[in-house]
Amino acid sequence: MSCPANSFSYNGSHCACAVGYLQNRTSHACVLFTANSTISTDGGVSDDSFAFGIPQSIFSFDSIKKFTQSQAVFLEATLVLLLSWFVFCLFLRCTKVGNDGRSIWFRLRWWVSRLDVCFATRHWLDDQKMVKKRKTELGGMFSTASWILFIGLFAALLYQIITKRSIEIHNVRASNAPDLALFNNDLEFNITTISSMSCSNLRDLGTLVTGNPGFIDYRVVPLSKFGNYSCQNTSGGPRITLRCNNCQPIQDNMYISWQFTDLPDNPAAAVGFQFNLTTRSHANKRHLSFVSGTLKNASTLDDRPVTFRGSNTNILKFSLFPRIYHNLHDLRLIQPLFHAFVPGSFFNDTSQLQASLQRPKDGILNTTLYINFLSDYIVEIDKQNIMGPVSFLADLGGLYCISIGIFFYLLVQCEFRIKKLRNEDSVLRTIRNRRKAQDHWDKLRKYVMYTWNCKALDDYYESTNNRSGCTGCSTQSIHRSGTSQKRMHREADTISFNRKLSLHNKKTVVQECLDTVGDVEFYTSGTRVNPPESSSHSGAGVGPHLQSELLASTRNGKQQGVASCEQDSSLPKASSLTNDDIIPPPPSLELKDPAEMDMSDVQKNLKSLYEYNVMLREKLVEAQSLFHSLATTSSTEVQT
C-alpha cells in the first residue's frame with residue numbers, strides 16, 4: 001500500500017503522518033504544523049466588540065501608538081529639523097548679499113534676521129551702552145532653532161501625556177465569603193486538540209473533580225453541575241467547550257479530564273493543543289478577560305515537532321483570581337491566566353511513533369484541564385492621573401527654559417569670540433536703507449517728471465560744452481512796442497523712468513542750477529551786463545521776465561535739482577535801484593548725509609524754494625507794472 005508524502009504505514013494496511021505532521025482533511029496530504037506558540041492575554045479589561053452596549057469611541061489613543069512607538073520618533077525628527085536649519089543658515093552666510101540690497105540672498109538673510117524674537121535685547125553691548133532691540137542674523141538663526149527644539153520637546157511631552165497620562169494601581173487585600181459571593185461571571189473554556197481526529201474519538205467526558213486528592217475536600221461530581229459541555233468538530237480537530245453562566249464561587253481546585261481512543265484509520269494522536277479561556281461579568285457583558293495560546297511540543301526550550309500519544313495525561317494548568325475594577329464602576333471580573341503545561345506521552349521520532357501505533361495499549365490520548373481558583377486574595381484596580389495642570393505647566397516651563405538657555409549660551413559665546421558678529425545688524429540695515437532710499441528717490445523723481453514735465457537727468461553728461469542746470473523750460477520774449485510775442489518750442493525729449501543718477505552727479509546738478517539762478521544775465525538796449533553787475537543793479541526800474549523753476553527733492557541722501565531759467569534780451573536797464581528792489585540769491589538747500597536725510601528735510605527745501613518763487617513773481621509783477629507806467633508816460637510826452 002502506498003502512503004502520501006511525509007507519512008508511513010503501520011499494521012500493513014494503514015497510513016499515518018510523520019511526527020509533527022497533520023493530515024489535511026480535503027487533500028489527504030500530511031503538512032507540518034507550524035502555528036505560533038505565543039501565549040496571549042489581555043492587559044486587564046478588554047472591550048467585546050460583539051457585545052451589545054455603549055459603542056466604542058471613534059478616536060482611540062492606541063491608533064497613535066501605531067504611528068509613534070516612542071518619544072524617540074519626535075526627538076529624531078527635531079534633530080533632523082535643527083540640522084537642516086543650521087545647514088540652510090550656513091549656506092546663506094556663504095552667499096554674497098551685494099550693495100544694492102536687491103538680490104534674493106540678501107532678502108533671505110534679512111528675513112532670517114527678522115526672526116530674532118527671542119534674543120533681540122540680549123546681544124553684545126559695550127560698557128555703559130543703552131540696551132535696545134537689535135535683530136541680527138545670528139540671533140534669528142538661534143531663535144528659530146530654539147523654537148524648533150521647544151516644539152519637538154513639547155510634542156514628546158504631549159505623547160507622554162497621551163500614552164502615560166494615568167497609571168494603574170493594584171491593591172491586594174484578603175478576601176472573605178461575602179466578597180467572593182458578589183463575583184458572578186460567565187466562564188467559557190475552549191480546548192482544541194490539534195489532530196486529524198473527530199468527536200467520535202472522544203471518551204469519558206462528564207466528570208468534575210474538586211478539591212485535592214487525598215484531602216477531606218475531595219469531591220467527584222457530574223460535570224453538568226458546573227455547566228454545559230459539548231464537542232465540536234473543527235478544521236483543526238475536536239474542540240471541547242465548557243460554559244458556565246452566572247457561576248457562583250467555585251472551589252479552589254478543579255479537574256476535568258477526557259480521552260481520545262483509536263478508531264480504524266483514525267489513531268488517537270495530536271500534534272498540539274489550542275486553548276481560549278474567556279470570562280465576563282454577568283451583569284455587564286461589555287468587558288471581558290481572556291487568555292489564549294497554542295502548545296506545540298513538550299519543552300519551551302526545544303521547538304522540534306512532536307506527536308502526543310499514550311496513556312500519560314497531558315495537563316493544562318490555568319489560574320483564576322478575582323479582580324475589582326474601581327475605575328469601571330466597581331466591575332467584578334475573574335481574570336484567567338495560563339500557568340503551565342505538563343506534557344504526557346509524546347514521540348519525536350517517526351520509528352517510535354510507528355511502533356506505538358502498532359501497540360493497542362498505546363491507543364489513547366489523555367487530557368486534563370486543571371483550574372486553580374486563587375480565592376484567598378482580591379486584587380483591587382484603580383487608575384490615577386499622574387499629569388495634572390500644575391505639573392504640565394512646570395514641565396512646559398522647563399522645556400522652554402532649556403530651549404532658550406541652550407541657544408542663548410551659544411549666542412553669547414559666538415558674539416564674545418567673534419567680534420564681527422557683534423554689529424552685523426548695522427551692515428544689513430545700511431544696505432536695506434540704501435535700497436529703500438533709492439526706491440523712494442526713483443518714485444519722487446518720476447513724480448516730479450510727471451508733474452512738471454521736466455526732462456530726465458543723465459548719469460553722465462554726454463558733452464561738456466552743453467552743460468547746463470536748466471532743462472526742459474520754455475522762453476518768452478516781451479517787446480516794449482507791444483509787438484507779437486515769440487515762444488520757443490519745447491524740445492521733444494524722451495523721459496526715462498528707470499535712470500538712476502549717482503549721488504555725485506545729483507549734487508553737481510543742484511549746484512549748477514543754483515549758480516545759474518544766481519548769475520541771471522540782463523540785457524538793456526542790446527548791451528550785455530556782467531553777472532555781478534546785474535545782480536546789484538536789478539530794481540524797480542527794470543522789469544525782467546523771469547520764470548524760474550527750481551525743484552529739489554531729498555530722500556535718504558539722494559538729491560536732484562532741475563532749474564529752469566529764462567531771460568529777456570529786449571528789456572531796458574533801470575537808471576537807479578534801491579535796496580528793496582535787489583533780488584536776493586536763491587535759498588541754499590540743506591544737504592545732509594544720505595543716512596540722516598528724511599522726508600521732513602525734503603519738505604523743508606521744497607517750501608523754501610516755493611517761497612523764493614513767490615517772491616520772484618511779486619518782483620516780476622512790480623517790474624511789469626513799472627513798464628506799463630513808463631510806456632504810458634512816454635506816449636503822453638510824445639503827444640504833447
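Helices (H or I, at least four residues) and strands (E, at least two) are DSSP runs, numbered from the N terminus. The model on screen is predicted: local features need pLDDT of at least 70, side-chain atom pairs count only at pLDDT 80 or more, and totals for chains, interfaces and linings use all residues. Residues are numbered from 1 along each chain as its sequence is written, and side-chain values use heavy atoms, with hydrogens and water left out.

**Whole chain**

Start with the cartoon view, which has eleven helices and 28 strands. Of the 640 residues, 39% count as buried (under 20% relative accessible area; exposed is over 50%, partly exposed in between; 1.4 Å probe, protein chains only). The accessible surface is about 36,600 Å², and carbon and sulfur atoms account for 55% of that surface (Shrake-Rupley method, 1.4 Å probe; for residues, only the protein chains shown count as cover).

**The nonpolar patch**

Select Phe88, Phe91, Ile104, Trp105 and Leu108, which make a nonpolar surface patch of about 440 Å². Patches are made of residues with over 30% relative accessible area and no salt bridge; like charges are joined within 9 Å, and nonpolar side chains (Val, Leu, Ile, Met, Phe, Trp, Tyr) within 5 Å. H2 and H3 each supply at least two of the patch residues, with H3 giving the most, three. Phe88 belongs to helix H2 and is partly exposed, at 34% relative accessibility.

Now select residues 104-114, helix H3, where Phe106, Arg109, Trp110, Val112 and Ser113 are buried. These residues lie on the same side of H3, because they cover an arc of only 160 degrees around the axis (taken from the directions from the helix axis to the C-beta atoms). The buried residues of H3 pack against H2, helix H4 (137-163) and helix H8 (424-452).

Move to Thr78 in helix H2 (residues 72-93), which is buried at 7% relative accessible area. Beyond its neighbours within four places in sequence, Thr78 is in contact with Ile148, Leu149 and Gly152 (heavy atoms within 4.5 Å).

**The cores**

Next select Phe189, Phe226, Ile256, Trp258, Phe275 and Leu369, which touch the most other members of the largest nonpolar core, a set of 40 residues. Strands that each supply at least two residues of this core include S8 (185-194), S14 (253-261) and S21 (364-373). A nonpolar core is a set of buried Ala, Val, Leu, Ile, Met, Phe, Trp, Tyr and Cys residues joined through side-chain atoms within 4.5 Å. Centre on Phe226: leaving out residues up to four places away in sequence, Phe226 touches Phe189, Leu208, Cys244, Cys247, Ile250 and Met254. Apart from this core lies another, of 22 residues, among them Cys89, Val112, Cys118 and Leu411.

**Salt bridges**

Finally, show the charged side chains. A salt bridge is a side-chain nitrogen of Lys or Arg within 4 Å of a carboxyl oxygen of Asp or Glu, and by this rule there are 13. Arg173 and Glu380 form one of them (2.3 Å, N to O). This pair links distant parts of the chain, with Arg173 in strand S7 (residues 166-174) and Glu380 in strand S22 (residues 377-385), 207 residues apart. Arg173 is partly exposed, at 27%, whereas Glu380 is buried, at 15%.

In helix H8, select Asp425 and Arg429, four residues apart, about one turn of the helix. Their side chains meet in a salt bridge (2.7 Å, N to O). Asp425 is buried at 2% relative accessibility; Arg429 is partly exposed at 36%. To end, select Arg102, Arg435 and Asp439, which are linked in a network of salt bridges.
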